[in-house]
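Try each task before reading its solution.

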Amino acid sequence: MFIGGTYTTSTLLEWTMSKLIKHPSVMKKLQEEARREAGVIICEENLQKLEYLKLVIKETTRLIAPASPVAASKATYARRDHNGLRCIGWNHDPNQCVGDRKGPAYWGESPEEFLPERFLQTKVDFIGQDFELIPFGAGRRRCPGISFGLAVVEVALANLVRDFDWRLPGGMRLEMTECVGLTARRDVTLLAIPTIVSAGQLD
Ligand code: HEM
């Protein structure tokens with residue numbers, strides 16, 4: 001459970017930061033929201049106001065699915081144990097067992113694009129009801145740590161984007177290759193330079 005809870009959350013956070021650095025306009029929009037709404041201490045009440053932050057995290061899980069290897073290994077197990085009940089439609093390919101995350105039938109003409117706003121136009125959620133997006137699995141073996149994991153990522157991300165601007169070290173190109181181990185981690189660890197934002201820039 002400790003491995004399942006720490007590797008998954010850190011993988012999701014690292015990928016979310018990578019996506020944001022790769023997409024400066026999304027980063028800017030998120031920073032504006034965090035600097036306007038997050039307050040001095042990012043508590044539960046202020047987190048509720050960070051709507052764009054939640055869209056950004058959801059969109060990252062659509063494109064990356066940090067725990068797909070976990071789900072894939074369990075899919076095999078569940079298929080054997082429960083006669084395939086939990087895995088209807090999926091197999092234990094890490095790319096498929098967490099939903100049809102890039103299928104144009106669900107995600108329109110630009111399924112590969114990092115576009116958090118797409119979730120403003122759909123009711124699809126990622127908690128296990130909509131099978132096109134199940135980064136936490138689905139059914140009786142679904143991740144029991146969803147709320148905790150998301151809260152950790154939301155608080156950490158809100159702090160990182162509210163208090164710092166981010167850039168890559170001079171001349172570095174941001175690699176976005178996945179490497180499958182316990183989780184779908186980045187092949188190359190994210191290296192980014194923070195510049196602290198002065199108090200005057202925060203609302
Ligand atoms: C954002 C981070 C997380 C993601 C993306 C994630 C994803 C997943 C996935 C895909 C599964 C397999 C579900 C299935 O086969 O249907 C799983 C299982 C599990 N997760 Fe998470 N998880 C996260 C955070 C956590 C945290 C924080 C904890 C605990 C504090 C946790 C505890 C577990 C446990 C115990 C299982 C096994 C459940 C079972 O076999 O019945 N996870 N997780």
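## Layout of the chain

From the N terminus on, the elements run α-α-α-α-α-α-α-β-β-β-β, which comes to 7 helices and 4 strands. Helices here are DSSP runs of H or I with at least four residues, strands are runs of E with at least two, and both are numbered from the N terminus. The model is predicted, so local features need pLDDT of at least 70 and side-chain atom pairs count only at pLDDT 80 or more, while totals for chains, interfaces and linings use all residues. Residues are numbered from 1 along each chain as its sequence is written, and side-chain values use heavy atoms, with hydrogens and water left out.

**Exercise 1.** Find what percentage of the chain counts as buried, and how much accessible surface the chain has.

*Solution.* Start with burial: of the 203 residues, 43% count as buried, where buried means under 20% relative accessible area, exposed over 50%, and partly exposed in between (1.4 Å probe, protein chains only). Next, take the surface: the accessible area of the chain is about 11,100 Å², and carbon and sulfur atoms hold 57% of that. Such areas come from the Shrake-Rupley method with a 1.4 Å probe, and for residues only the protein chains shown count as cover.

**Exercise 2.** Locate the protein donor to the iron atom of the ligand.

*Solution.* First, search for N, O and S atoms within 2.8 Å of the metal (3.2 Å for Na, K and Ca); water is not among the atoms, so sites may look incomplete. The search returns a single protein donor, SG of C143, 2.3 Å from the iron. Then place C143 in the chain: it sits in the loop between α6 (104–107) and α7 (146–163).

**Exercise 3.** Describe how α4 packs against α2 and against α7.

*Solution.* Begin with α2 (residues 24–37) and α4 (residues 51–63): their axes come within 8 Å and cross at roughly 145°. Axes are lines fitted to C-alpha atoms, for helices over the stretch in contact, and angles run from 0 to 180 degrees between N-to-C directions. On the α2 side, V26, K29, L30 and E33 make the contact, and on the α4 side E51, Y52, L53 and V56, with contact meaning heavy atoms within 4.5 Å. These residues divide into 5 nonpolar, no polar and 3 charged. Nonpolar covers Ala, Val, Leu, Ile, Met, Phe, Trp, Tyr, Cys and Pro; charged covers Asp, Glu, Lys and Arg; the others, Gly among them, are polar.

Now turn to α4 and α7, whose axes come within 11 Å and cross at roughly 120°. Here L53, K54 and I57 of α4 meet L150, V153, E154, L157 and A158 of α7. The division is 6 nonpolar, no polar and 2 charged.

**Exercise 4.** Decide for E14, I42 and F148: buried or exposed?

*Solution.* Take E14 first, in helix α1 (residues 2–22). E14 counts as buried because its relative accessible area is 15%. Leaving aside residues up to four places away in sequence, E14 touches R185, R186, T189 and L190.

Next comes I42, in the loop between α2 and α3 (44–49). I42 is buried too, at 12%. With the neighbours up to four places away left out, I42 touches L47, A158, N159 and R162.

Finally, F148 lies in helix α7. Its relative accessibility is 64%, so F148 counts as exposed.
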